[in-house]
Amino acid sequence: MTVYFIGAGPGAPDLITVRGLRLIEQCPVCLYAGSLVPAEIVTAAPATAQVVDTAALDLDQIIDLITAAHAKGQDVARVHSGDPSIYGAIAEQMRRLDALGIAYDVVPGVPAFAAAAAVIQRELTLPDISQTIILTRTAVRSSSMPEGQDLATLGQARATMAIHLSINNLAKVVKELSPFYGEDCPVVVVYRATWPDQAILRGTLGTIREQVKASGMTRTALIMVGQVFGDSEFTDSKLYDAAHSHILRPAREA
């Protein structure tokens with residue numbers, strides 16, 4: 001048997017990959033993070049499948065379910081939200097499976113930051129504005145941040161920043177980024193991107209705290225900071241520049 005770690009995407013059921021959906025349709029066991037994975041996705045599991053919401057389970061309990069499926073030779077669809085490689089907590093599960101000699105595979109999904117960029121219709125990399133995207137989070141009750149990866153250090157790059165799991169730590173985000181980005185730097189907060197109750201707040205580092213407080217957002221919101229979210233002038237990329245040639249578009253004759 002094989003355990004398939006499947007990225008279910010950001011929320012909209014039709015944003016799961018074809019591969020991920022096909023595996024859910026085939027696996028006799030489906031373990032999913034019910035707090036973040038839409039129920040519509042796991043309804044694709046076979047009628048006879050064992051479907052378990054793991055939101056209330058700890059790591060040992062999850063591994064016990066996988067071990068039981070392994071003993072029966074049953075494939076497992078382990079469904080996570082977004083893309084499992086980003087704050088997916090799959091590394092600790094894979095480490096346990098390695099020790100148990102249980103095979104696994106990983107199926108990528110649409111990450112939250114890409115979905116958020118899509119719903120606000122913005123490109124995260126613009127020539128002369130930002131060519132770097134930093135995906136990060138802050139420490140609240142979860143794991144601490146490694147040395148040198150705090151916002152005050154990362155903010156010095158003034159890159160486009162997508163800050164996960166930190167809406168309750170917004171005061172810290174504003175305080176540590178303002179010296180580098182400026183209080184007038186655009187900020188977009190996207191709550192539950194692509195879900196039916198999706199909400200979007202637009203402001204600046206100087207105004208976004210009051211907006212979030214008024215909205216009542218306390219979880220599942222992504223904070224996005226950078227000049228790419230403003231009305232900044234930017235130059236066209238070279239990709240489609242008529243004067244730019246490459247192997248698929250030879251230089252034009254004068």
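Which residues in helix 3 are buried? They are Ile 62, Ile 63, Ile 66 and Ala 69, where buried means under 20% relative accessible area, exposed over 50% and partly exposed in between, with a 1.4 Å probe and protein chains only. These residues cover an arc of only 120 degrees around the axis, which puts them on the same side of helix 3; the arc is that of the directions from the helix axis to the C-beta atoms.

**Basis of the report**

This is a predicted model, in which local features need pLDDT of at least 70, side-chain atom pairs count only at pLDDT 80 or more, and totals for chains, interfaces and linings use all residues. Residues are numbered from 1 along each chain as its sequence is written, and side-chain values use heavy atoms, with hydrogens and water left out.

**Overall layout**

The protein has 8 helices and 10 strands. Helices (H or I, at least four residues) and strands (E, at least two) are DSSP runs, numbered from the N terminus. Along the principal axes, the C-alpha atoms fill a box of roughly 65 × 55 × 35 Å. Of the 254 residues in the protein, 42% are buried. A contact means heavy atoms within 4.5 Å. Among contacts between residues at least 6 apart in sequence, 67% join residues at least 24 apart.

**Helix 3**

Helix 3 covers residues 59-72, which is 14 residues. From its first C-alpha to its last, helix 3 reaches 20 Å, close to the 20 Å expected at 1.5 Å a residue; the expected span is 1.5 Å times one less than the number of residues. The buried residues of helix 3 pack against strand 1 (2-7), strand 2 (29-32), strand 4 (76-80) and helix 4 (91-100). On the face turned away from the buried side, helix 3 carries the exposed residues Asp 64, Ala 71 and Lys 72.

At the start of helix 3, a side-chain oxygen of Asp 58 comes to within 3.2 Å of the backbone nitrogen of Asp 60. Such a polar contact is a pair of N or O atoms within 3.5 Å; within protein, one must be able to donate a hydrogen and the other to accept it, and residues adjacent in sequence count only if both atoms are side-chain atoms. After helix 3 comes Gly 73, with a positive phi near 70 degrees.

**Salt bridges**

Side chains of opposite charge can pair when their charged atoms come close. A salt bridge is a side-chain nitrogen of Lys or Arg within 4 Å of a carboxyl oxygen of Asp or Glu. The whole structure has 5 salt bridges, including those in the table.

| Salt bridge | Closest N and O atoms |
|---|---|
| Asp 60 and Arg 96 | 2.9 Å |
| Asp 231 and Arg 122 | 3.9 Å |

In the salt bridge of Asp 60 with Arg 96, Asp 60 lies in helix 3 and Arg 96 in helix 4, so the pair ties together parts that are 36 residues apart in sequence. Asp 60 is partly exposed at 42% relative accessible area, and Arg 96 is partly exposed at 33%.

Asp 231 forms a salt bridge with Arg 122, and this pair links distant parts of the chain, 109 residues apart. Asp 231 is in the segment after strand 10 (221-225), and Arg 122 is in the loop between helix 5 (112-119) and strand 6 (133-137). Asp 231 is exposed at 75% relative accessibility, while Arg 122 is partly exposed at 32%.

**Aromatic pair**

Rings of Phe, Tyr and Trp (its six-membered ring) pair if their centres lie within 6.5 Å; planes under 30 degrees apart count as stacked, over 60 as edge-to-face and the rest as tilted. The count comes to 1 aromatic pair. Phe 5 and Tyr 104 form this edge-to-face pair, at 6.1 Å centre to centre and 80 degrees between the planes. Phe 5 in strand 1 and Tyr 104 in strand 5 (residues 103-107) are 99 residues apart. Phe 5 is buried at 0% relative accessibility, whereas Tyr 104 is partly exposed at 28%.

**Helix 5 and strand 6**

In helix 5, the buried residues are Phe 113, Ala 115, Ala 116 and Ala 117. Their cover includes strand 6, strand 7 (160-164), strand 8 (186-191) and strand 10. Gln 121, which follows helix 5, has a positive phi near 55 degrees.

Thr 136 is found in strand 6 and is buried, with a relative accessible area of 3%. Leaving aside neighbours within four places in sequence, Thr 136 is in contact with residues including Tyr 87, Met 145, Leu 154 and His 164.
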